Amino acid sequence: SKLLLSGLIDTAYRNIYYLIIGKYFSAVELGFYTRAVQFRNLPAQNITGIMSQVTYPVLAQMQGDTIRLKAAYKKMIKTVMFISFTLMAVMAASAEPMVIALIGEQWRPSIIYLQLLVFPGIMYPLHALNLNMLNVLGRSDLFLKLEIIKKLIVIPTIIIGIIWGIKIMILGMWVNTLIAYYLNSYYSGKFINYSIKEQVRDILPSLFLALGMMAVVFIAGKLIAASYLVKFILQVLIGATITLLHGEMLKFEPYLYIKEMVFDKLKSMKFGK
């Protein structure tokens, strides 16, 4: 019942921005914002959904062993955030050619919304992982309390958005995201001796790699003289190449773990045939 109520609260939260923008701004602005959210959610929610389904049963098997649980949890966070940072960084850097090539020039105003929404989107999988840990530990009561607290702090962001506009409201979401991350990670880490400081230290290398790659991809997009579709494809390829090269040269742990999983899957498929 607590998880059901938490889900209902979260669903209401995800839709409240549409209601506010629709009421206090034009239908055109709502359309631009909605389209930006749809693009942002393609990687963010898919990663979150897959991760939530996979991690819970794995972590639940280790419920009684704190050391193994923490080790598995650390590996999951490093891997998931490496994927999230990489995908969302490429999306932010190539937002202009992606939007215009895929849905047309008339949607150009949604580009800035998309770029601003990337940061909250990056954090979705991390929020879900931390909340999943509370479920694994049987603390659905704390899960519900955190959901209520986090949704209450959204109220100032909504008021700010009504007064100063959609872009400022999205920047308010950045603050809400950081506060939510602190709350989620503090309580989930407390039970398995995995502090916020340690968790941040684990994901910072992936963040720095993604930021460096994003800068190169963005600059490349400004220098490439081609159609928006070709430019978008080239930017994605450049981002993928930089990530792969850095992963190989630096022997980057999350990258090597993903590479190992992919190769193991390919071998099993070949063996099955």
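The largest pocket in this predicted model holds about 820 Å³ of space. Of the 33 residues that line that pocket, Asp10, Tyr13, Arg14, Tyr124 and Lys151 are the closest to its centre.

- How does the lining of the largest pocket divide into nonpolar, polar and charged residues? You get 14 nonpolar, 13 polar and six charged ones.

**The chain as a whole**

- If you go looking for strands, you'll find zero, while the helices come to eleven.
- Reading from the N terminus, the order is simply α-α-α-α-α-α-α-α-α-α-α.
- The C-alpha trace spans about 55 × 45 × 40 Å along its principal axes.
- Why does a radius of gyration of 20 Å agree with a compact globule? Because a compact globule of 273 residues would come out near 19 Å, and the protein chain has 20 Å.
- Out of the 273 residues, 45% count as buried.
- Take the contacts with a separation of 6 or more: 77% of them are between residues 24 or more positions apart.

- Is Asn130 buried or exposed? Its relative accessibility is 0%, so Asn130 counts as buried, the cut-off for that label being under 20%.
- Which side chains make polar contacts with the side chain of Asn130? One is the side chain of Tyr73, at 2.8 Å, and another is the side chain of Gln199, at 3.2 Å.
- Leaving out residues up to four places away in sequence, Asn130 touches Tyr73, Tyr181, Asn184, Ser185, Ser188 and Gln199.

- With a relative accessible area of 1%, Ser185 is buried.
- The side chain of Ser185 reaches back to the backbone of its own chain: the backbone oxygen of Tyr181 is 2.6 Å away.

**Gln235, in helix α10**

- Gln235 is located in α10, which runs over residues 228-250.
- Is Gln235 buried or exposed? Gln235 is buried, because its relative accessible area is 1% and the label needs a value under 20%.
- A polar atom of the Gln235 side chain lies 3.4 Å from the backbone oxygen of Ala93.
- Ala93 is also on the list of residues that Gln235 touches, along with Ser94, Pro97, Val217, Phe218 and Gly221, again not counting residues up to four places away in sequence.
- How far is Gln235 from Val200, C-alpha to C-alpha? The two are separated by 28 Å, and they are 35 residues apart along the chain.

Methods:
Residues numbered from 1 in each chain as written. Predicted model: local features only at pLDDT ≥ 70, side-chain atom pairs only at ≥ 80, totals over all residues. Heavy atoms only, no water. Buried < 20%, exposed > 50% of the residue type's maximum accessible area, 1.4 Å probe, protein only. Polar contact = N/O pair within 3.5 Å; in protein donor to acceptor, adjacent residues only side chain to side chain. Contact = heavy atoms within 4.5 Å. 1 Å grid on protein atoms, 1.4 Å probe; cavity = no way out; pocket = protein on both sides within 12 Å on 5 of 7 lines; lining within 4 Å. Points joined across faces, edges and corners; volume = space filled by probe spheres on them. Nonpolar A, V, L, I, M, F, W, Y, C, P; charged D, E, K, R; others polar. Helix = DSSP H or I, 4+ residues; strand = E, 2+ residues; numbered from the N terminus. Rg over C-alpha atoms; globule rule 2.2 N^0.38 Å.
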